[in-house]
Amino acid sequence: MNEGKSMTESLSPYLFWDMDTRGLDWDSFPAYIIQRVLEYGQMDDWRAIRDHYGVAKIAEHCKTLRTLDPVALAFVTCVSGTKKEDYRCYHYAQSNPTLWNS
């Protein structure tokens, strides 16, 4: 991360296209930031949140998310050494099958 940039400015600008990032506090909205980075970010974005939160805290926040892209879930479980069954989004997806999968 560059010294002259705020933490949010160190992330790809398209991640928060729908909001004013000047008021986005990494410690007030960690689950929101983590989910956006995991689902739409690049490796530099991943490194930024990993350096700030740590892998264990990222996994803990992801465990509470109702939805998470399957690829993002697989990535988090792989890097954190956790099981997908520990995540709320995994059980939520299992209990709400789509019409074309039923």
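Me: What makes a residue count as exposed here, and which residues on the other side of helix 2 are exposed?
Reply: Exposed means over 50% relative accessible area, and buried means under 20%. In this predicted model, Asp44 and Asp51 are exposed on the other side of helix 2. Buried in helix 2 are Asp45, Trp46, Ala48, Ile49 and Tyr53.

Me: How do you know that the buried residues of helix 2 line one face?
Reply: Seen down the axis of helix 2, the buried residues fall within an arc of 160°, so they line one face of the helix. They pack against helix 1, helix 3 and helix 4.

Me: Why are helix 2 and helix 3 called roughly perpendicular?
Reply: Angles of 65 to 115 degrees count as roughly perpendicular. The axes of helix 2 (residues 43-53) and helix 3 (residues 55-63) cross at roughly 100°, and the pair is therefore roughly perpendicular. These axes come within 7 Å.

Me: What makes up the contact of helix 2 with helix 3?
Reply: Trp46, Ile49, Arg50 and Tyr53 in helix 2 meet Val55, Lys57 and Ile58 in helix 3. By class, these residues divide into 5 nonpolar, no polar and 2 charged.

Me: How do you know that helix 4 has a buried face?
Reply: Ala72, Leu73, Val76 and Thr77 are buried in helix 4 (residues 70-80). Their arc, seen down the axis, is within 130°, so they line one face of the helix. The face turned away from that buried side carries the exposed residues Pro70, Val71 and Cys78.

Me: What caps the N-terminal end of helix 4?
Reply: Aspartate 69 does, with a side-chain oxygen 3.0 Å from the backbone nitrogen of valine 71. The cut-off for a polar contact is within 3.5 Å.

Notes:
Residues numbered from 1 in each chain as written. Predicted model: local features only at pLDDT ≥ 70, side-chain atom pairs only at ≥ 80, totals over all residues. Heavy atoms only, no water. Axes fitted to C-alpha atoms, helices over the stretch in contact; angles between N-to-C directions. Helix = DSSP H or I, 4+ residues; strand = E, 2+ residues; numbered from the N terminus. Parallel < 35°, antiparallel > 145°, perpendicular 65-115°, else oblique. Contact = heavy atoms within 4.5 Å. Nonpolar A, V, L, I, M, F, W, Y, C, P; charged D, E, K, R; others polar. Buried < 20%, exposed > 50% of the residue type's maximum accessible area, 1.4 Å probe, protein only. Arc of directions from axis to C-beta. Polar contact = N/O pair within 3.5 Å; in protein donor to acceptor, adjacent residues only side chain to side chain.
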